[in-house]
Amino acid sequence: MSVATILAVLQLFKTVSPVIVSLIDFFKTRDPNENWTQEMIDAKVAAFLDAEDELDAEFAVEPDED
Amino acid sequence: MKRKLTVLLLLVLLVGCGSSHQQRVNVISNSADVLLTSYQTAELAIVAAHDSGAINDELFAKIAAKRNQVSPIMRRIAVAWQQVPRVDSSVEAFLLSPDFQAGLVLVIEIAELAGLDDVLDNLRPIKEATEQ
């Protein structure tokens, strides 16, 4: 094996290793709050808006009877 | 070899762009989640305190007026958050938007009026971060 081949292999490894690390990071299981998906956001927003509709009644300012 | 390198480069770019997009969605989502959750926690605590008599009618009316002012803003923030994964807006654009800033200030005011220290503890770091 020539020096050039060894250098080429090392160069390739240097290039590929960050990709492997990124891919592992990308696909590994994480805390749900670390990686928000559209579905998670949609569910949170829907629950927020529903609760807000209910709380509107609690904070309704009663009109003066005068 | 050239083709392999091109494919590798495209993969690197794809992963790079994907993780940076996810990072942006995460930062915005964590901030929006803290603000909206803190706000609703405050609302529930205020209603409970009013029901138990810990907050009198006069103070409740004052808080309710402010809450009714902030509610439409918080609804708009929630809808804007829902759009974030699909649109290309920056973290700064979201956190420094007039709605987010106004919502943050008003929820802090409500929490101060009601004496909700836990809510204030959650929101102050966001306020300080957006002021920098």
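**Exercise 1. Which residues of the largest nonpolar core touch the most other members?**

Before we start, note that this is a predicted model, in which local features need pLDDT of at least 70, side-chain atom pairs count only at pLDDT 80 or more, and totals for chains, interfaces and linings use all residues. Residues are numbered from 1 along each chain as its sequence is written, chains are lettered from A and ligands numbered from 1 in the order in which they are written, and side-chain values use heavy atoms, leaving out hydrogens and water.

*Solution.*
- Step 1: Recall the term: a nonpolar core is a set of buried Ala, Val, Leu, Ile, Met, Phe, Trp, Tyr and Cys residues joined through side-chain atoms within 4.5 Å. Buried means under 20% relative accessible area, exposed over 50%, and partly exposed in between (1.4 Å probe, protein chains only).
- Step 2: Among the 43 residues of this core, the most other members are touched by Leu35(B), Ile46(B), Met74(B), Ile77(B), Trp81(B), Phe94(B) and Phe100(B).
- Step 3: At least two core residues come from each of α2 (38–58) of chain A and, in chain B, α1 (2–52), α2 (57–83), α3 (91–95), α4 (98–114) and α5 (117–131). Helices here are DSSP runs (H or I, at least four residues), numbered from the N terminus.
- Step 4: α1(B) gives the largest share, ten residues.

**Exercise 2. List what Met74(B) touches, leaving out residues up to four places away in sequence.**

*Solution.*
- Step 1: Count a contact when heavy atoms lie within 4.5 Å.
- Step 2: In chain A, the partner is Phe48(A).
- Step 3: In chain B, the partners are Leu35(B), Leu36(B), Tyr39(B), Gly103(B) and Val107(B).

**Exercise 3. Follow salt bridges between and within the chains.**

*Solution.*
- Step 1: A salt bridge needs a side-chain nitrogen of Lys or Arg within 4 Å of a carboxyl oxygen of Asp or Glu. Over all chains, the structure holds nine.
- Step 2: Asp33(B) and Lys44(A) pair at 3.1 Å, N to O. This bridge runs from helix α1 of chain B to helix α2 of chain A. Asp33(B) is buried at 13% relative accessibility, whereas Lys44(A) is partly exposed at 35%.
- Step 3: Arg75(B) meets Asp56(A), with the closest N and O atoms 3.0 Å apart. Arg75(B) sits in helix α2 of chain B and Asp56(A) in helix α2 of chain A, so this pair joins two chains.
- Step 4: Arg67(B) and Glu43(B) pair at 2.6 Å, N to O. Arg67(B) belongs to helix α2 of chain B and Glu43(B) to helix α1 of chain B, so the bridge ties together parts 24 residues apart in sequence. Both residues, Arg67(B) and Glu43(B), are buried.
- Step 5: Through shared partners, salt bridges join Glu52(A), Asp53(A), Asp56(A), Glu43(B), Arg67(B) and Arg75(B) into one network.
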